Amino acid sequence: MEHNYISIKSLKADYRQKKQSVVALESVDLSLPKGQRGVIIGPSGCGKSTLLNVLAGLNQSYTGQVLVDNQPPICGGKTALILQEYGLLPWKTVWDNVILGMELRKKSSPEIKEATQKVLEKLGLLSMAKRYPVQLSGGQRQRVAIARALILEPQLLLMDEPFSSLDALSREEIQDSLLKIWEETRVTMLLITHNIEEAVFLGQKIFVMSSCPGHIVQEIENRMAGDYNLRGRVQFLEMCNQLRSCLRGGEYYAAGA
Ligand SMILES: Nc1ncnc2c1ncn2[C@@H]1O[C@H](COP(=O)(O)OP(=O)(O)OP(=O)(O)O)[C@@H](O)[C@H]1O
Ligand SMILES: [Mg+2]
């Protein structure tokens with residue numbers, strides 16, 4: 001039987017303020033097998049970040065069952081979370097930003113050096129190792145954030161709209177890099193995006209969320225994802241159009257079904 005790395009059942013999460021409470025998520029069911037790439041897409045404010053924070057162990061005020069590798073989520077450990085605003089330390093160089101997590105885990109210097117070189121090379125950042133974040137483009141900064149997460153060899157990579165501030169071309173380049181990384185590591189990935197093309201290009205499973213309180217209205221198996229030449233194909237555009245109408249409240253129907 002396929003092992004679900006993420007398993008969520010009847011998840012409800014709310015935010016309580018003085019007098020009122022906002023229900024951010026209601027009756028969310030979601031499962032993602034180990035080693036798959038999942039994408040969550042849905043309108044602004046529907047609870048996507050809340051869901052990711054629950055999975056990252058950062059939000060523990062929820063009800064329902066949430067399991068990551070058969071355990072309730074914990075902060076850190078084998079899960080890495082990458083945010084839109086990079087979270088890089090501006091006073092540290094690319095190299096020093098990337099080694100941070102390994103230093104905290106008290107790895108030896110030769111081990112850190114080897115792993116850092118490898119990950120920077122993989123992301124095309126080796127020549128920029130001595131630069132500071134301010135000396136990098138948005139795409140390069142996002143690559144540093146990915147390198148910093150990958151160096152710890154996570155089993156689950158959670159990403160909250162990681163590429164939303166990038167121009168279209170940089171965005172496609174970094175999507176390609178992410179796919180390559182996945183091919184090498186087979187890390188389980190769950191990515192949030194507003195971008196329909198990104199969802200179809202990357203997501204083997206696409207979860208469409210409704211507006212607040214959010215729940216999953218459609219779960220789409222996307223067998224096209226993972227082909228580097230997909231963007232130019234007619235089927236890709238058809239799939240994007242279907243997803244678009246689904247997001248507008250229509251019913252998704254599988255092409256060719
Ligand atoms: N700390 C908070 N206190 C109160 N309400 C909150 C808090 N954080 C989020 N919310 C509310 O919970 C709901 C879900 O928020 P969340 O940030 O998860 O949405 P989102 O889908 O990530 O939105 P976006 O696409 O704009 O990032 C929203 O209605 C939001 O206003
Ligand atoms: Mg959000």
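## Pairing of strands

Two strands are said to pair if DSSP finds at least two bridges between them. The model described here is predicted. In it, strand β3, residues 37–41, and strand β7, residues 188–193, run in the parallel sense and are joined over five bridges. Within this pair, Gly 38 has Leu 190 of β7 as its bridge partner.

## The sheet as a whole

β3 and β7 belong to an open sheet of six strands, arranged in the order β5-β6-β7-β3-β8-β9 with mixed pairing. The edges are formed by β5 (79–82) and β9 (216–221); each has a single partner strand, so one side of each is left without a neighbour in the sheet. On average, neighbouring strands of this sheet are turned by 15° against each other, direction ignored.

## Strand β8 and its partners

Strand β8 comprises residues 205–209. Four of its five residues are buried, and the strand is thus described as mostly covered. With β3, β8 pairs in the parallel sense over four bridges, and Val 39 stands opposite Ile 206 of β8.

With β9, β8 pairs in the antiparallel sense over five bridges. Here the bridge partner of Phe 207 is Glu 219 in β9. The two strands, β8 and β9, form a hairpin, with six residues between them.

## A helix across the sheet

Helix α1, made up of residues 48–55, lies across β3, β5, β6, β7 and β8. Relative to β6 (156–160), helix α1 runs at about 155°.

Methods:
Residues numbered from 1 in each chain as written. Chains lettered and ligands numbered in written order. Predicted model: local features only at pLDDT ≥ 70, side-chain atom pairs only at ≥ 80, totals over all residues. Axes fitted to C-alpha atoms, helices over the stretch in contact; angles between N-to-C directions. Contact = placed C-beta atoms within 7 Å. Buried ≥ 20, exposed ≤ 12 C-beta atoms within 10 Å, placed from the backbone.
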